[in-house]
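Trainee: I'd like to go through this model with you, one question at a time. Can we put it on screen first?

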Amino acid sequence: MIAPLLSILLVLLPAPAPAAPTWDGPLSTRGRYIVDAHGDRFKLKSVNWHGASGTFDGTGHHAGEDSGRIPLGLDRAPLDEIVAGLRDVGANSVRLPFSSEMVHDQQPVTDAAVAANPELRGLTPLAVYDQVVAALTGAGLAVILNNHTNTTRWCCGVDGNERWNTSQSTSDWEETWLTMVRRYRDNRRVVGADLYNEVRRSVWDDPNWGLGDDHDWYAASQHLGDRILREANPDLLIIVEGINWTGVPVDGFAHERPTLKPVRTLSHTLAVSGQLVYSAHFYGYTGPNHSGATGAGETTDPRYHDLTRTQLFDVLYRDAFYVSAETGRHFTAPVWISEFGVGGNEPAGSAERAWFGNFVDYLIQADADFAYWPAVGWAEKRASNGWALLYWDRSGARSSVASDWRASDWSRLIAAPGLAGPVPTPVRWSMLSPDHGDFNASRPVTGDWDVGARKAACPDGQRLIGLSHTGNRGLCTDTGGGIAWTSFAVVTDERYVTADWAPGYTKLQCPAGGRLIGYAVRGAAVSSALCAAGTAGAAAGRTVWFDRGDNRPAGEPGGDFAYGRYKGQCAGDEYAAGIAYTGRFGSARTPDALYCRG
């Protein structure tokens, strides 16, 4: 019995003080990994410190803990003590939710809300948030800003906070974000912008991924991400959560939790490469087709905790983790599980306990970035709401996860081995999708270089290597080495054609030494080619036809960038120097061939 007793004592004893942080911001990404300013792996071992977006004043789960419009617990414990507690449980980063309303709320917090922190009396919620950010980053923790809700109220249901623009305009949402990013721009340990929480159906409407309307989460997050990087802070991680729910949760009606499934066929390409992170949420009581409700809104679909271990792992991969597991694709990026959690009061043998153990196993197996929900709770509510990792009572006494069944799972997750140290710089692959408007991923390419056309340009350092016959999609890469250029040319005719590499077709060819970095379309038709000036070799080229089928290198590097469409692609050691199309009867002047040179 000595070994089991020793294990119990080790769990119950306070953890030794964590080592001083050795990382430097800003953070960026290399393939599926997040790295620090030195290119070393920075695995997000995060917790959610909620409250500034609103707390729940109803009954049941997470009920009765009123934060007073600021991060929870400042009425009970000094700010530095709470921050120390977050480090004690092993966190190196904090997801810090806020509401858009909080940013503009001029009403000072109540004295009761900051009873343990009298220096915060009389401050607005945003000013308190400032102090929390400063304390967290001063202790070496990375902070990810998270716009959780439009209004300061508990999330998540049909509550006026279903989308980024349900209770506010998209413009107001963007301007609020720019305000927050600029506010913390000089703090290198404020590392990320988690754009919005759990985008989901309202009473009448679903969000979508790529339809081009005002419910298009893909377009909204792409646009805001670019604005943040171009106008406010080019070094910030842009975190995009998948769609949390669509459809009516009634048996017989279509409904699902899409999560990150749409990313496979339509991924983001931001104006600064290496800054995109995708995220997803998983709780045992919800499911791939289950809303998580009990009673109204409950369906007969299985919840995650109803799935076998094998079924759960298959669903997790299909709905989220393929994004990080499948390398060398246009969608490859880190996946951060920015919310997961379980109640510490779940009985032995329960489905929730089994699910949590299996989910932790998967996180360890995938070497995944994660953020537990929530970090902080009230001790007197623990019997009915035992989800937090840390608790404070009214006297300021602290207790923690170490005293319940979750301790062993949490400890092994925090201590799990994974990739560490320098991360090699991978080949980048990026999708261009001017489906509904301009798609300019290049910062130097400015101006309306083809008036009235929808324009697409590759990220800086990348070149165009693939096009689809229909659908207007493009594929960019830096394989073989990135390119540098100082000027570009817009080609609308055949003046630079040096050989008839597509007889009978109109050819838009780059000037000598130039490489394709973009294109423009009108409807489905090619309008112009965008070429970077340079000194590329002028070796004899080859024509890659794709008007009657795919014509791509073996293994389809970069992945399927135009699902269900014919695609053409130059080899990895080539560059595209021209596009050919025809306007003859029956043709829509869509791309038919690429001119590839080595």
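Trainee: Let's start with Cys531: buried or exposed?
Mentor: Ground rules first: this is a predicted model, where local features need pLDDT of at least 70 and side-chain atom pairs count only at pLDDT 80 or more, while totals for chains, interfaces and linings use all residues. Residues are numbered from 1 along each chain as its sequence is written, and side-chain values use heavy atoms, with hydrogens and water left out. The cut-offs are under 20% relative accessible area for buried, over 50% for exposed and partly exposed in between, with a 1.4 Å probe and protein chains only. Cys531 comes out at 1%, so it counts as buried.

Trainee: Which cysteine does Cys531 pair with in a disulfide?
Mentor: The test is simple, because a disulfide here is a pair of cysteine sulfur atoms within 2.5 Å. For Cys531 the S to S distance is 2.1 Å, and the partner is Cys510.

Trainee: And how many residues apart are Cys510 and Cys531, the two ends of that link?
Mentor: The torsion about their S-S bond is -85 degrees, which makes it left-handed. Cys510 sits in the loop between strand S22 (506-509) and strand S23 (515-522), and Cys531 is in strand S24 (residues 525-532). Strands (E, at least two residues) and helices (H or I, at least four) are DSSP runs, numbered from the N terminus. The link joins distant parts of the chain, 21 residues apart.

Trainee: Why do we say that the disulfide of Cys570 and Cys596 ties together separate parts of the sequence?
Mentor: Here the S to S distance is 2.0 Å, and the torsion is about -80 degrees, so this disulfide is left-handed. Cys570 is in the loop between strand S26 (567-569) and strand S27 (575-581), while Cys596 belongs to strand S28 (residues 593-597), so the separation in sequence is 26 residues.

Trainee: How many disulfides does a search of the whole structure find?
Mentor: Besides those, Cys458 is joined to Cys476 at 2.1 Å, S to S. That link is left-handed too, with -80 degrees about the S-S bond. Searching the whole structure, the total number of disulfides is three.

Trainee: Now charges: which residue meets Arg95 in a salt bridge?
Mentor: A salt bridge needs a side-chain nitrogen of Lys or Arg within 4 Å of a carboxyl oxygen of Asp or Glu, and the structure holds 37 of them. Arg95 is buried at 0% relative accessible area. Its N to O distance is 2.9 Å, and the partner is Glu339.

Trainee: How far apart are the closest N and O atoms of Asp450 and Arg522?
Mentor: Asp450 is buried, with a relative accessible area of 8%, whereas Arg522 is partly exposed, with 41%. They form a salt bridge, and that closest separation is 2.6 Å.

Trainee: Last one: how many residues apart in sequence are Arg182 and Glu231?
Mentor: Their side chains meet in a salt bridge at 3.9 Å, N to O. Arg182 lies in helix H5 (residues 170-183) and Glu231 in helix H6, so the pair ties together parts whose separation in sequence is 49 residues.
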